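This briefing covers one protein model, arranged by topic. Read it with the sequence and the structure open.

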Amino acid sequence: MPQNHEKTQPDPVFEYPSNIANSGIPLVIDNGVYKCRAGWASLEQPQLVFKNITAKQKGKKELDVQVGNEINNVEVVKWILRTQFDRNLVTLYDVQEQIYDYIFAHLGINTEGCVNHPIVMTEALCNPGYCRQQMSELLFECYHVPSVVYGVDALFSLYNNQKITDLTHSLIVGCGYQNTSLIPVVNGRVSSANCRRINMGGAQLDAFMQRLLQLKYPGHMAAITLSRAEELVRDHCYMAEDYISELEAWTDNDYYENNVTKIQLPYNAAVTGSQLTAEQLKERREQQIRRLKESNAKRRLEKLQMEEEKLRELISVQELLDDEDDEAFNRALSSLRYDTAESLQVEITKLTMSIQRMKAKIKGIDLPVDEEAKKPAVYDLIDIPDDQLTPDQMSIKKRQRMLKNAREGRLRAQAVQRERQQKEMEEEKKLEQRRIKDFNGWLQLIRDKRKKLLDIRNAKKQRKADLAKRRTYASQQRMRKITQLVSGGSKKKKEDTFGQNDADWEVYKEIHPENADSDSEAEEDKLEELETLLKEHDPEFQKEMDQTMGQTGEFDIAEYYRLHLAVEKIRVPELLFQPSMIGIEQAGIAETMDFVLKKFDAETQNKLAQNVFITGGNAMFSHFKQRLEHELLAMRPFQSPFNVSIAKNPILDAWYGARKFSLSPLLTTSSITRAEYEEKGGEYLKEHCASNRYFPTPAPNK
């Protein structure tokens with residue numbers, strides 16, 4: 001699904017109708033940390049809903065300040081963003097004044113120098129008296145409001161969902177943007193001494209989501225903005241009922257494929273279709289084939305140089321026999337990890353054949369003239385019977401026999417290679433003639449040869465895999481043959497148990513050849529040659545290769561700009577229950593709730609547990625209620641009752657509750673008038689069912 005920044009629309013300027021202007025209808029303001037909601041109590045919905053921030057471009061005057069929805073993009077670097085809140089407390093009242101100006105202006109209030117409407121607004125839980133005093137001073141002295149009522153947003157939400165009486169008990173989980181509060185309500189009033197705050201809210205969840213995705217996709221760090229992370233948290237995250245089991249489920253590939261959410265970041269797609277002509281495409285293809293051939297030739301040349309160096313080293317060791325230096329020969333043989341002179345000769349013959357074959361493949365390099373065949377060799381003791389030789393002559397005869405065998409082996413290898421090269425040259429001529437006369441037939445022949453070589457290679461791979469497995473039939477057959485050779489072909493009939501114990505297996509591993517034989521190398525070279533021909537002459541071959549390898553041959557730019565939202569969907573909300581995941585040394589909701597409940601006696605605990613109420617923006621996470629029930633089931637005594645409920649509208653119920661309160665008789669008894677403000681001070685508060693407790697400072701004398 002595509003993911004774009006939300007486009008905010010500037011708030012309209014509403015009319016100030018006479019029926020509202022002359023009736024003194026209360027103005028309801030939910031002054032939230034994330035969003036501010038304001039509107040007339042006579043209307044069912046708030047007229048203004050905007051982010052509670054201001055923005056000013058660097059270098060501009062204060063008159064150019066933008067508020068809330070007037071800010072098109074909060075990610076612009078040139079903006080200076082400000083909020084009146086420090087955590088959840090209002091501390092910057094110049095910014096709060098700009099917010100009030102914005103509200104009153106857009107509601108159309110045009111009375112000069114005053115706002116002739118009672119104000120019902122929210123404040124922070126356990127709001128300090130100093131903060132309330134500053135807010136009251138701003139409202140009464142700057143805007144000359146007739147009265148004001150303060151209430152806690154979470155308590156207003158409870159008031160909107162339930163009837164609060166003197167018998168009401170509730171434990172409110174208030175999920176805010178900067179913190180989460182646990183608020184016990186006892187006998188219809190908040191128990192301030194037992195409230196607890198967790199410094200974990202929506203802001204921390206958004207930042208965590210952004211950081212997780214930036215670490216997961218470092219190439220898109222700039223594109224994964226806080227605004228996009230906020231959208232992902234809001235639209236796709238959910239609360240895990242059992243976090244550990246959910247994590248384990250995400251490790252399963254099928255579960256991942258069925259539940260992952262793919263987010264498409266915006267990108268500029270490349271122009272489709274090739275802009276090259278047919279001749280340019282042909283030239284490009286020829287360049288690719290030429291580069292492929294040059295690469296293959298370079299690789300062969302490097303391998304040839306390595307093998308020639310190794311061959312020279314082995315021959316230099318073998319020449320120690322001519323120098324009659326047996327001690328040096330045996331020492332060199334041991335350092336090269338060869339057991340006998342015969343095994344050394346086998347390796348020399350193999351390298352000789354491999355080198356001759358590679359020289360034949362490299363353009364411009366001819367086979368060297370066999371200088372060794374022209375040199376006369378003297379082996380005068382080989383034909384003399386042993387009984388006619390002295391012990392020293394017997395040693396020389398043995399050395400001559402080894403040298404003769406080595407020389408004859410090299411000459412045979414060169415002869416075989418020349419014969420093979422001659423056959424290959426004749427075959428290449430025939431193939432070239434057929435290509436000219438019957439191209440389709442030639443192409444099919446090349447394909448058949450390639451398929452045959454692939455089948456041989458796959459069969460060898462399977463054979464090698466079978467031999468590597470101890471209990472397979474092929475492996476046991478090989479070990480039986482080796483046993484027969486070791487035992488000299490004994491035909492005694494006895495039970496054959498070779499290969500059924502660990503000692504036999506260790507013997508088998510020691511004698512198993514590790515190096516590939518020269519035939520396999522020749523087959524690989526031939527396969528490479530055939531594939532080069534097909535790439536050069538068959539346009540469909542590369543497409544088939546790409547399909548076989550699961551490739552399209554083109555870079556999928558859309559997939560590169562696609563984010564996979566998987567375990568992050570549960571990991572981010574889990575911070576509310578485990579703040580320690582990001583290093584915050586505080587308890588989560590479950591542990592804090594248990595701590596708060598234990599502050600009361602058993603009877604009060606039961607009453608609070610039977611009315612656990614969730615409100616605030618994070619209450620919108622699906623399965624939040626089920627997760628809290630799961631935690632309460634673990635912490636409460638066996639078979640003790642409890643009940644968890646969620647606000648009808650966790651985001652707007654604070655405003656709805658304040659509106660409901662403003663239309664009730666409680667407005668008159670709970671309002672702080674200007675006269676009371678002047679008499680009792682700005683921190684004065686009239687308590688009601690949705691308010692904080694008032695503790696005058698200094699405390700009155702009893």
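The buried residues of helix H5 are Gly 202, Ala 203, Gln 204, Leu 205, Asp 206, Phe 208, Met 209, Gln 210, Leu 212, Leu 213 and Gln 214; buried means under 20% relative accessible area, exposed over 50% and partly exposed in between, with a 1.4 Å probe and protein chains only. Helices (H or I, at least four residues) and strands (E, at least two) are DSSP runs, numbered from the N terminus. This is a predicted model, in which local features need pLDDT of at least 70 and side-chain atom pairs count only at pLDDT 80 or more, while totals for chains, interfaces and linings use all residues. Residues are numbered from 1 along each chain as its sequence is written, and side-chain values use heavy atoms, with hydrogens and water left out.

**Helix H5 and its surroundings**

- H5 spans residues 202-216, and its 15 residues reach 21 Å from first to last C-alpha, close to the 21 Å expected at 1.5 Å a residue; the expected span is 1.5 Å times one less than the number of residues.
- Because 11 of its 15 residues are buried, H5 is largely enclosed by the rest of the structure.
- The cover over those buried residues includes helix H6 (226-236), strand E16 (562-565) and helix H20 (568-571), where contact means heavy atoms within 4.5 Å.

**The six-stranded sheet**

- Six strands form an open sheet with mixed pairing, in the order E3-E2-E1-E9-E10-E19; two strands pair if DSSP finds at least two bridges between them.
- E3 and strand E19 (672-673) are the edges, each with a single partner strand, so one side of each has no neighbour in the sheet.
- Helix H2 (residues 93-106) packs on this sheet, touching E1, E2, E3 and strand E9 (119-123), and its direction makes about 150° with that of E3.
- Helix H4 (residues 153-161) lies across E1, E9 and strand E10 (147-152), at about 85° to E10.
- Strand E1 (residues 27-31) runs antiparallel to E2 and is joined to it by five bridges.
- Within that pair, Ile 29 stands opposite Ala 38, and Leu 27 stands opposite Trp 40.
- The hairpin from E1 to E2 passes through three residues.
- E2 is also antiparallel to strand E3 (residues 48-51), with four bridges between them; there Arg 37 has Val 49 as its bridge partner.
- Strand E2 (residues 35-40) has five of its six residues buried, so it is largely enclosed by the rest of the structure.

**The three-stranded sheet**

- An open antiparallel sheet has the strand order E5-E4-E6.
- Its edge strands, E5 (66-67) and E6 (79-82), each pair on one side only.
- Strand E4 (residues 54-57) is joined to E5 by two antiparallel bridges, and Ala 55 stands opposite Gln 66.

**Helix H3**

- H3 covers residues 129-142; its 14 residues reach 19 Å from first to last C-alpha, close to the 20 Å expected.
- Its buried residues are Cys 131, Arg 132, Gln 133, Met 135, Ser 136, Leu 138, Leu 139 and Phe 140.

**Cysteines**

- With a disulfide defined as a pair of cysteine sulfur atoms within 2.5 Å, the count is zero.
- Cys 126 is in no disulfide, and its nearest cysteine sulfur, in Cys 195, is 4.7 Å away, too far for a bond.
- Cys 195 is buried at 10% relative accessible area, whereas Cys 126 is partly exposed at 39%.

**A buried loop residue**

- Asp 538 lies in the loop between helix H17 (518-537) and helix H18 (539-548) and is buried, at 6% relative accessible area.
- Asp 538 and Asn 440 are 98 residues apart in sequence and 9.9 Å apart in space, C-alpha to C-alpha.

**Whole chain**

- The protein chain has 26 helices and 19 strands, and 43% of its 702 residues are buried.
- Of the contacts with a separation of 6 or more, 70% are between residues 24 or more positions apart.

How values were computed:
Axes fitted to C-alpha atoms, helices over the stretch in contact; angles between N-to-C directions.
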